[in-house]
Amino acid sequence: MSQGPDADLADAVRDAAGVRVERCYQCGKCTAGCPMARHMDLAPNQIMRLAQTGDPGDREALLRSLAIWCCAGCLTCTQRCPRELDPAAVIDALRELSRREGKVSPRGRRILAFHEAFLASVEHTGRMSEVPLVGLYKLWSGDIFQDLAVAPAMLARGKLPLIPHVIKGRTEIRRIFEACRAKEKA
Amino acid sequence: MTPPRCPPPPRGGAGDIGYYPGCSLAGGAVELDLSIRALARVAGAELREIDDWNCCGATAAHSLNHDLAVALPFRALALAEAQGLGTVLAPCAACFSRLKGTLVRLGRDPGLAERAARLAGLPFQGKVRVVSINGFINGLLADGLAGTLTRPLPGLKAVPYYGCLLSRGEGINEGEDPESPSAMEGAIKAAGCSVLPWNFATECCGGGFSMSKTEAVMDLGGAVLSDAKAAGADLVVVGCPMCHSNLDMRRRGAMPVLYLSELLGLAAGLSPAALGLDRHFTDARTVCAGGRP
């Protein structure tokens, strides 16, 4: 997979997501059904369009957009695309590229911090646990005071185990993460 | 109204049902774990937890690394197969979506199966069936649970909320119209409740953005609950821990939100505490009382 900054974006997306973005005919159905469109700086159909052009400026606009981080992965677009193009998978591929090239929108950093905190918890223990997830998220997002009132209420309901469960195969899990990261850089 | 499509009963023959609780069921969604286990006990189904299961990677893995999004569910599936579990119940809709989606993609793409096996360092023949909360409960009902629901809740009007992960995605909603699923309806009626038509059955609640984009979750969850209210519902029935948290906790006080397993557990005569109903943020006592004030 040639996914350096000079590679054609449509090819990179095809390799990563198995989607041929050039087949999109811009009907706009993805945008019409997208629950997150109102929070995005590029609508889903614009994302598909910018991925088609081969223009370096469009590529840059896409990888630096907030929109790719706002996708909730609800799959409404994928479900409804008359060309069966899976825009959600395209956005997954664009997020990966954006992160790899250090182009994450400053407005998307909190969302990235949450995903990274989630995966860090899984990498070290084999499972997601709320305490390390929220702790790391606060640290990495800078959002120290968010949801302070929620924690005691969660505790009272037995919904906040303080000691994370660590699986026996945690070295296996670390190996899987390393192998997947190596792939990412290849 | 089409009858629910019941998969073959998940017990008998193949032995125990493999249980993949998923991470939230030890924390934020503890009531889903309690109610699934309690309901399985009532129905005489044996759940055997997959030994040493790992997280499926959820939204985070597919957002950042597509290899990880396959390799993590792959390990869980491979463990189940190695432990002789032919059927795996994943009650969390997000886990179900990741496990089932991965299984379907592996079956379709031998190259992917080979790469996943290399990344996870484990063999996997694909001889595992993944069952959702809806499939599991419909199976139990068909298998005799329906006849033991001695405490129906006829005063209640419910709306089934499938959200994204129980309606869309490859292999998720086999044979059903993803825009208009019906897998929960038969079970809700079996619990004695009436099912109301509404507009938001498959709309998104904002999913994993609860902390990182709270305003979107407040908007979307609020719209779901407004439509439920407009439809005249007393409660929303869900199968997803993210939907539950976004509606019950983030929109605290709006309307009781119950897992399908909690509702069926009440109809089976189990106590609200045994099902974890006392752990909700939004008071569910009216539901426990069968709609009587």
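**Group meeting: salt bridges, a sheet and an interface**

Hi everyone, let me start with one pair in chain A: Asp15(A) and Arg14(A) join their side chains in a salt bridge, 3.5 Å from N to O. By salt bridge I mean a side-chain nitrogen of Lys or Arg within 4 Å of a carboxyl oxygen of Asp or Glu. Asp15(A) is partly exposed, at a relative accessible area of 35%, and Arg14(A) is partly exposed too, at 33%. Here buried means under 20% relative accessible area, exposed over 50%, and partly exposed in between, with a 1.4 Å probe and protein chains only.

A quick word on what we are looking at. This is a predicted model, where local features need pLDDT of at least 70 and side-chain atom pairs count only at pLDDT 80 or more, while totals for chains, interfaces and linings use all residues. Residues are numbered from 1 along each chain as its sequence is written, chains are lettered from A and ligands numbered from 1 in the order in which they are written, and side-chain values use heavy atoms, leaving out hydrogens and water.

Back to the charges. Over all chains, the rule gives 28 salt bridges. Arg64(A) and Glu60(A) make one of them, at 2.9 Å from N to O. Arg64(A) is partly exposed at 44% relative accessible area, and Glu60(A) is partly exposed at 27%. In chain B, Arg108(B) pairs with Glu170(B), with the closest N and O atoms 2.7 Å apart. Arg108(B) sits in helix α4 and Glu170(B) in the loop between β5 and α7 of chain B, so this pair ties together parts 62 residues apart in sequence. Helices here are DSSP runs of H or I with at least four residues, strands are runs of E with at least two, and both are numbered from the N terminus. Shared partners also link Arg59(A), Glu60(A), Arg64(A), Glu101(A) and Lys103(A) into one salt-bridge network.

Now the sheet in chain B. In what order do the four strands of this open sheet run? The order is β2-β1-β3-β4, with parallel pairing; two strands pair if DSSP finds at least two bridges between them. The edge strands are β2 and β4 of chain B, each pairing on one side only. Three bridges join β1(B) to β2(B), and Ile17(B) stands opposite Leu47(B) in β2(B). Helix α6 of chain B packs on the sheet and touches β1, β2, β3 and β4 of chain B; contact means heavy atoms within 4.5 Å.

Is Ser132(B) buried or exposed? Ser132(B) counts as buried, because its relative accessibility is 10%. Leaving aside residues up to four places away in sequence, Ser132(B) touches Leu89(B), Ala90(B), Phe96(B) and Leu166(B).

Last stop, the interface. Chain B and chain A each bring 55 residues to the contact. Together they bury about 5,100 Å², 61% of it on carbon and sulfur atoms. That buried area is the accessible area (1.4 Å probe) that two parts lose on being put together, summed over both. In chain B, Leu64(B), Phe209(B) and Met211(B) lose the most area to chain A, together 16% of what that side buries. The rule finds six salt bridges across this interface. One example is Glu31(B) with Lys159(A), whose closest N and O atoms are 2.7 Å apart. As for helices, α2(B) gives the largest share of the side of chain B that touches chain A, seven residues.

Thanks, everyone!

Definitions and conventions: Axes fitted to C-alpha atoms, helices over the stretch in contact; angles between N-to-C directions.
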